[in-house]
Amino acid sequence: QVQLVESGGGLVQPGGSLRLSCVASGSIFSINAMGWYRQAPGKQRELVATITSGGNTDYADSVQGRFTISTDNAKTTVYLQMDSLKPEDTAVYYCNALIVTVPFRSAANYWGKGTLVTVSS
């Protein structure tokens with residue numbers, strides 16, 4: 001069993017900042033990559049940012065230069081620092097991780113339940 005639990009969402013004014021966190025726990029052997037996706041009302045879920053176990057990062061064009069993804073030293077927590085927020089960043093943000101689990105060392109994608117970010121004045 002693996003759990004991803006997000007936190008840090010909320011209401012923020014345009015131009016403001018928020019920091020999302022996602023903690024992975026459970027029967028984890030290794031985490032190959034972690035990332036953040038978002039889904040706005042009436043839209044499909046889209047990639048926001050990803051980070052590999054080696055530290056390589058990738059960002060959606062819409063957030064490049066404003067958002068920063070990072071992990072803790074144990075690489076079981078992923079953060080998304082969101083600066084210069086815009087109303088169009090309003091969405092439910094989901095944590096995603098590619099995790100190898102014990103005891104069979106099988107890899108699978110796991111998702112958190114999401115945290116709502118609302119950017120509004």
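Guide: Strands are DSSP runs of E with at least two residues, helices are runs of H or I with at least four, and both are numbered from the N terminus. R38 has its place in one such run, strand β4. The model is predicted, so local features need pLDDT of at least 70 and side-chain atom pairs count only at pLDDT 80 or more, whereas totals for chains, interfaces and linings use all residues. Residues are numbered from 1 along each chain as its sequence is written, and side-chain values use heavy atoms, with hydrogens and water left out.

Visitor: Why is R38 called buried?

Guide: Buried means under 20% relative accessible area, with exposed over 50% and partly exposed in between, using a 1.4 Å probe and protein chains only. R38 has 6% relative accessibility and therefore counts as buried.

Visitor: What makes the pairing of the R38 side chain with the side chain of E46 a polar contact?

Guide: The term requires a pair of N or O atoms within 3.5 Å; within protein, one must be able to donate a hydrogen and the other to accept it, and residues adjacent in sequence count only if both atoms are side-chain atoms. The side chains of R38 and E46 make such a contact at 2.7 Å, and the side chain of R38 makes another with that of Y93 at 2.9 Å.

Visitor: How do you know that C22 and C95 form a disulfide?

Guide: A disulfide is a pair of cysteine sulfur atoms within 2.5 Å, and C22 is joined to C95 with an S to S distance of 2.1 Å. The pair links distant parts of the chain, C22 in strand β3 and C95 in strand β9, 73 residues apart.

Visitor: Why is this disulfide of C22 and C95 called left-handed?

Guide: The torsion about the S-S bond is about -80°, and so the disulfide is left-handed. C22 counts as buried because its relative accessibility is 0%, and C95 counts as buried because its value is also 0%.

Visitor: What makes β3 and β8 a pair of strands?

Guide: Two strands pair if DSSP finds at least two bridges between them; β3 (residues 18-26) and β8 (residues 77-82) are joined over six bridges in the antiparallel sense. L20 stands opposite L80 in β8. These strands belong to an open sheet of four with the order β1-β3-β8-β7 and antiparallel pairing.

Visitor: Why do β1 and β7 stand at the edges?

Guide: β1 (2-7) and β7 (67-71) each have a single partner strand, so one side of each is left without a neighbour in the sheet.
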